[in-house]
Amino acid sequence: MYNRRKFIKLSAAGASLAALSASKIARAATPPATAGFPIVISTWDFGIVANKEAWKTLEKGGRALDAVEAGVRIPEADMNNHTVGRAGYPDRDGHVTLDACIMDEFGNCGSVGAIEYIAHPISVARAVMEKTPHVMLVGDGATQFAVEQGFKKEKLLTPESEKAWKEWLKTAKYSPVINIENKQHAPGNQYNHDTIGMLAIDAKGNLSGACTTSGMAFKLHGRVGDSPIIGAGLYVDNEVGGATSTGVGEEVIRNVGSFLVVELMRQGMSPEDACKEAVHRIIKKKPDTAKNIQVGFLAINKKGEYGAYAIQKGFSFAVCNAEKQDLLIPGKSFY
Ligand code: SD4
């Protein structure tokens with residue numbers, strides 16, 4: 001599907017807008033304006049196919065929670081995606097450990113951290129939310145719970161991931177570059193970037209969100225990023241809106257990023273301004289670190305207005321509603 005990509009130049013801002021399904025894109029407005037609902041938005045260009053799946057639920061009047069779970073399961077299952085789900089790159093010891101969380105309109109949430117052997121951590125996160133009194137399960141306990149719930153236990157390390165890991169072991173340099181696409185993009189690997197965070201508002205106006213990742217490639221065994229941390233990688237407040245993040249999770253956790261974005265929207269900021277302020281906090285605290293890392297936030301408010309902002313160029317997100325499908329808009333960036 002990537003060969004259908006078209007780039008459309010936007011005059012005034014000089015920004016570019018990468019889009020699929022060009023017939024539907026002609027009417028697209030930028031910067032993002034009120035979109036209404038139902039609507040689903042998600043991080044990166046793999047969000048396009050994920051949104052499509054989520055839309056199947058939303059267009060039938062289904063619940064946002066069901067939409068986001070179904071949506072992010074697409075990249076989780078994608079064998080070409082080495083940053084989310086079953087084909088994710090392993091940690092430095094060769095274990096594929098996955099992080100995910102989900103949150104609904106009632107403030108219910110569930111999460112798994114560093115879960116192994118389970119291809120769909122988002123569905124385990126939902127089971128934690130719905131079937132336990134807890135919010136988060138990690139490591140062996142999360143896998144054990146998943147198996148008890150009937151999830152298939154399987155080896156996730158693919159031959160391709162194993163090859164990449166063995167290559168990395170030759171130098172074992174622990175300096176992951178996250179989603180600075182220009183540096184990271186490898187020919188033939190269209191999916192060589194990061195976490196999927198998805199936010200949806202259903203026909204009833206209710207919000208839910210999901211976030212799932214294999215985290216930093218070749219990370220320390222046991223490392224958990226922001227993606228399964230409620231408030232960091234994802235936060236939803238049905239009165240206000242939702243936010244999700246991608247990039248170096250440690251900086252997002254340090255600033256409780258997604259919660260911050262939602263609280264800023266509560267104070268009246270637009271989604272884009274709220275994302276921008278959260279990025280600025282990260283930069284202000286660690287200007288030297290921030291120069292070399294990527295963090296991006298994506299947010300939506302209760303009205304269906306959406307926006308994004310990232311430290312580095314290259315961050316994009318996908319939007320899908322009744323008017324525009326498969327729209328991919330570059331997020332604005334500090335650098
Ligand atoms: C993490 N935030 O594990 C994730 C990785 C990611 O873009 O989103 N990369 O830190």
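Analyst: Start with a term: contact means heavy atoms within 4.5 Å. The model is predicted, so local features need pLDDT of at least 70, side-chain atom pairs count only at pLDDT 80 or more, and totals for chains, interfaces and linings use all residues. Residues are numbered from 1 along each chain as its sequence is written, and side-chain values use heavy atoms, with hydrogens and water left out.

User: Which residues does Ser 111 touch, not counting residues up to four places away in sequence?
Analyst: Ser 111 touches Ala 100, Cys 101, Ala 125, Val 128, Val 135, Met 136, Leu 137 and Pro 228.

User: Why does Ser 111 count as buried?
Analyst: Buried means under 20% relative accessible area, exposed over 50%, partly exposed in between (1.4 Å probe, protein chains only). Ser 111 has 0% relative accessibility, so it counts as buried. Across the protein chain, 59% of the 335 residues count as buried.

User: What makes the pair of Ser 111 and Pro 228 a polar contact?
Analyst: A polar contact is a pair of N or O atoms within 3.5 Å; within protein, one must be able to donate a hydrogen and the other to accept it, and residues adjacent in sequence count only if both atoms are side-chain atoms. Here a polar atom of the Ser 111 side chain lies 2.7 Å from the backbone oxygen of Pro 228.

User: Where does Ser 111 lie?
Analyst: In strand β5, residues 109-116. Helices (H or I, at least four residues) and strands (E, at least two) are DSSP runs, numbered from the N terminus. The protein chain has eleven helices and 15 strands.

User: How do you know that β10 and β11 pair?
Analyst: Two strands pair if DSSP finds at least two bridges between them. Strand β10 (residues 241-247) and strand β11 (residues 295-301) have seven bridges, in the antiparallel sense.

User: What is the order of the five strands in the open sheet?
Analyst: The order is β9-β10-β11-β12-β15, with mixed pairing.

User: Why are β9 and β15 called edge strands?
Analyst: Strands β9 (234-237) and β15 (332-333) each pair on one side only.

User: What makes a nonpolar core?
Analyst: It is a set of buried Ala, Val, Leu, Ile, Met, Phe, Trp, Tyr and Cys residues joined through side-chain atoms within 4.5 Å. The largest has 84 residues; Val 261, Phe 297 and Tyr 306 have the most contacts inside it. Another core, of five residues, lies apart from it and includes Trp 165.
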